[in-house]
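Try each task before you read its solution.

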Amino acid sequence: MPHLTAPHAAAPGFLDPATLARIDNLELLARTVVDGFINGLHSSPYLGLSLDFAEHRPYNPGDDVRRIDWRLWARTDRHYVKEFEAETNANFMTLLDVSASMTYGSRGIRKIDYARYLSACLTYFSRQQRDRVGLITFDDRVRDYVPPSARHLDVVLHTLDRLERREEREDGEERESASASPEPGLAAAVLHAAERVRRRGIVVLISDFYEEPPAAVDAVRQLRYRGNDVVVFHVLDPAEIEFPFEDASGFEDLETGERIPVVPETMRAKYRQLIDSHVAELARRFSEEGIDYSLFDTGTPLDYALFRYLSDRQRKSRVR
Amino acid sequence: MPVAFLAPVFLAGLAALAIPVLIHLANRPKKDVVRFPSLMFLEKVEYQASSRRRLRNLVLFAVRCLALILVAGAFARPFLDHPDAPPVTIDGGRELVVLVDRSASMAVGDRMDRARGELAEIAAGIRRGDRATLVAFDHAAAAANRATDDPAVLRAAADSLRPGDGGTRLGPPLRLAESLLAGSPLPRRELVVISDFQRRAWDQESAIAAPPGTAVRLIRLGEPVANTAVAEAAAGRERFSGRERARVTATVAARGGEFRGPVSLELDGRVVQERDLTVAAGDVGRVTFDPVTLPDRPVRAVVRIPADDMAADDALHLTLHGDRPLRVVIGQGPGADARASLYLARALEAGTEHDVAVLPTAALTAAALAGADVVILNDADPAGDVGGRRLRDFVEAGGGVIVVLGERSRGGGTEALGLGRVAGTRDRSADGGASLARVDAQHPVFEPFRGGAAGQLSRARFFRYRQLDADPAASVLARYDDGTTAMAARDLGRGRALALTAPLDGRWSDLVLQPVFVPLAHRLVRHASGRAVVPAWRTVGDLLDVAPLLAAAPESDPDDGTAPVVRTPSGRRIRVTPERTMISLDERGFYEVRDPRTGVAPAAVAVNGDPGESELDPLDTAVVEAALTVGGAPVIPVSAEPVERERTQSLWWWVLAAAFVVMAVETVLANALSGRRSTVQV
């Protein structure tokens, strides 16, 4: 298996997350990304955003002719337009991993920040689609829960914004959970979070997935089984992928506090092989479950991530 | 046995051993901790405790250090010092014998100056109670002083040292040293040899056994240098318009370097001819000059090349003598076969201008004898035909007579000439004939047959011969295998008489059919004539008997100014007395033998150095050390020069070889470790 390289969108116009990080206002950031992204598209992404086809209705003058179901016209010789769930206000939930491992960053932007921005952008975009938006943050337990609502965009953005300040406070107070609490695992945390998703909708899981693939996929599968449209964003720092360390040092686990001595030059090759295998297995398993899986590193522009999200949506919303 | 180093500065390379240690310390795990999101994958990498890894690498580190130490040690040129040998400078009560080379090769460069310097150091180390003897040697050895503990005496002897013209022989000085050391009453003994140790100077007979406790120190001076020498010169004779001419051919040997330059021929101090010659390094070249007409007196000739580092062999001296043909009369008895003297006459005429006449003995009148240089009575009876008295007078006046006994000889001639009495005839036909078993090889007659040519004489078979009881005053020059006399000789007055006991006609022997017959016949006639073959030159170290060169025997009163004198090339004058006619030729050049009693021009004797002295190839002193024994055990040399000790031991080669072996081991070990690490990750 070829070694993964941190995907960086090379297309011009994609915004560097580190640059966006300078935008202190999360809503502004999300709007900047989403509006800028949408403006760059040839057409509005309002169509085919959902898997579920709702119904046909007769064509009225003024409707977008691209929505005409031409197959039905071929059969009936009459013009009908297709209507989808998106037009019926779907739920959009972000499950955001805020565990200690997400606080890692080697190039000026941490994974948690990237995840927050991504979550904000997707939430903002979904709200533009008139979806009901919500948020669940979790580490070893659910930290924040914002139920999906058409009026919860600000709440979601505020909650995401509050995450940063809460981490700063907890860092200053020396996190207790890192050393005292047992390691619950990503799978268990996802399952706990999944219990809060009561209505079917689009669920976006953003995590660094430090969990064995079978357990992780099994937990995420539960979301899928409940009728949700699940999209997984696997976020890693480039250093976690490339392992560019040179000096022999002690490495400390951000979540457990465990330390081991590491000689990078002798471990690098094996580490890369392991993480490549991990990502490949995740991708395979998620694919088998019909779950969209994407790997991003914190250098990937957010609008590129949004582009990938839309691409997946459009691919799955192919008109039958 | 302590180890010393010739170039200890290279041991500074051992400081490089610190480099891997410093790198290792610099690369030790930092105290800084890297906070990483998760050790999930790092924990899956099999980990090998760094302490265990260091232990394994220490082995490799030690091997690499060892290789580095060996390389640095090899470059530092180690050698073993011998603590068991007595120190060079010890307290009094020491018998010290110092052998100093003064041969011609010591004139090269600064060798003699360095020898004097070494002697000065040795003299400075002499203490009260010591007995120090300086022995200067070349082809011979002589003590320069009586044993002394006065450093000034040794210094004075050293200051007077000069390179001579002689060759080098290590045997004589070592034997002299052996006797001096063995006869010493002192318990401590030391032998020091200061020389350039030419290879030709040594032979196995030079080995000595020094007394127990003797410290031996060999001091080598000088490095090999290129040297070109005039190695040989020969004068071919020819007659032109009744005059004798000499054509000189010179041989030039180029040792160590190419020779390109002129070769000149000087006659009586004047350059008469010059030839350009090119000789490749290690080769010899020859140049032949145009013939030169010889006067009636000896000519002093010198073949010369441009001077180089060793000037002693750049000129070869030789004398060119005009040689008047001999007048030889062969007398045959009445009734002799006309061809009886055929072999003899033809042999004497071959290759010479000798005037040979075969006459019946009845024609050998006094007048006929007076005109002859040599008379050969071939199977004739002189007493009955010529008269013993006439023969004896002829010999005593300077003539030469050779009596060849045959079946008609009655022995009167041999008795008249004091050679002995002729007995019967011995027939050895039944046992295949007799051979010459004992020959006086030192006699001039047999000079050409010395060495390997001696066997040629013994091939002749004598089936019949007369038995001669040699007179006690006569010299028996050769005997048959049964011990009977084959040839006898005796000097009478100014002449010589010889007797052969078998005719030279091919009847009683096959001597005339042997290749040696012609040169033997020539030597017999020349010796009988008293006209000795004068060598073109002699070698330094030879003894010259000047008596034959004088008109008359020297008299016992040398103070009236008429005594013969020998003048050396350096101008030194040596009086010749009846007790002292043998002169040691110690200098190169021309010796003059002057006899004031006659008006004859002085005789010149050319003397050159030992040709072997031109070969400057050095002798490995280890050979000398190996051949010397001290108290029956191999000598433990105490060489003054660490360079010499290191050179003979050459430990650096073994150390370097060991370094390569260790490097090979390191390669194998490193490959094995890296292969293990590829499967067992650290």
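A cavity here is a set of grid points where a 1.4 Å probe fits but cannot get out. Keep in mind that this is a predicted model.

**Exercise 1. The largest cavity**

Task: Find how many cavities of 30 Å³ or more the structure holds, then describe the lining of the largest cavity by class.

Solution: 
- Step 1. The count of cavities at or above that cut-off of 30 Å³ is 8.
- Step 2. Now look at the strands of chain B: β10 (227–240) and β17 (315–320) each supply at least two lining residues. The most comes from β10(B), which gives 3 residues.
- Step 3. Sorting the lining by class gives 10 nonpolar, 3 polar and 5 charged residues.

**Exercise 2. The second largest cavity**

Task: Work out which strands supply at least two residues each to the lining of the second largest cavity, and how that lining divides by class.

Solution: 
- Step 1. Start with the volume, which is about 110 Å³ for the second largest cavity.
- Step 2. Locate some of the lining residues, among them B:L436, B:F462, B:Y480, B:M487 and B:T501.
- Step 3. The strands to pick out are β25 (475–480) and β26 (485–492) of chain B.
- Step 4. The division by class is 11 nonpolar, 1 polar and no charged residues.

**Exercise 3. A helix in chain A**

Task: Check the length of helix α8 of chain A against 1.5 Å a residue, and find what covers its buried residues.

Solution: 
- Step 1. Helix α8(A) covers residues 213–225, so its 13 residues should span 18 Å at 1.5 Å a residue.
- Step 2. Buried residues in α8(A) include A:P213, A:A216, A:V220 and A:L223.
- Step 3. Their cover includes β3 (91–97), α7 (186–194), β6 (201–207), β7 (229–236) and α10 (264–288) of chain A.
- Step 4. After α8(A) comes A:G227, with a positive phi near 90°.

**Exercise 4. Where the chains meet**

Task: Describe the contact between chain B and chain A by residues and by buried area.

Solution: 
- Step 1. Chain A brings 31 residues to the contact and chain B brings 20 residues.
- Step 2. Together the chains bury about 2700 Å², with 69% of this area from carbon and sulfur atoms.
- Step 3. On chain B, turn to B:F36, B:P37 and B:F41: these supply 27% of the area that chain B buries against chain A, more than any other three residues.

Notes. Residues are numbered from 1 along each chain as its sequence is written. Chains are lettered from A and ligands numbered from 1 in the order in which they are written. This is a predicted model: local features need pLDDT of at least 70, side-chain atom pairs count only at pLDDT 80 or more; totals for chains, interfaces and linings use all residues. Side-chain values use heavy atoms; hydrogens and water are left out. On a 1 Å grid over the protein atoms alone, a cavity is a set of points where a 1.4 Å probe fits but cannot get out, and a pocket is an open set with protein on both sides within 12 Å along at least five of seven lines; lining residues have an atom within 4 Å of a point. Grid points are joined across faces, edges and corners, and a volume is the space filled by probe spheres set on the points. Helices (H or I, at least four residues) and strands (E, at least two) are DSSP runs, numbered from the N terminus. Ala, Val, Leu, Ile, Met, Phe, Trp, Tyr, Cys and Pro count as nonpolar, Asp, Glu, Lys and Arg as charged, and the others, Gly among them, as polar. The expected span of a helix is 1.5 Å times one less than its number of residues. Buried means under 20% relative accessible area, exposed over 50%, partly exposed in between (1.4 Å probe, protein chains only). Contact means heavy atoms within 4.5 Å. Buried area is the accessible area (1.4 Å probe) that two parts lose on being put together, summed over both.
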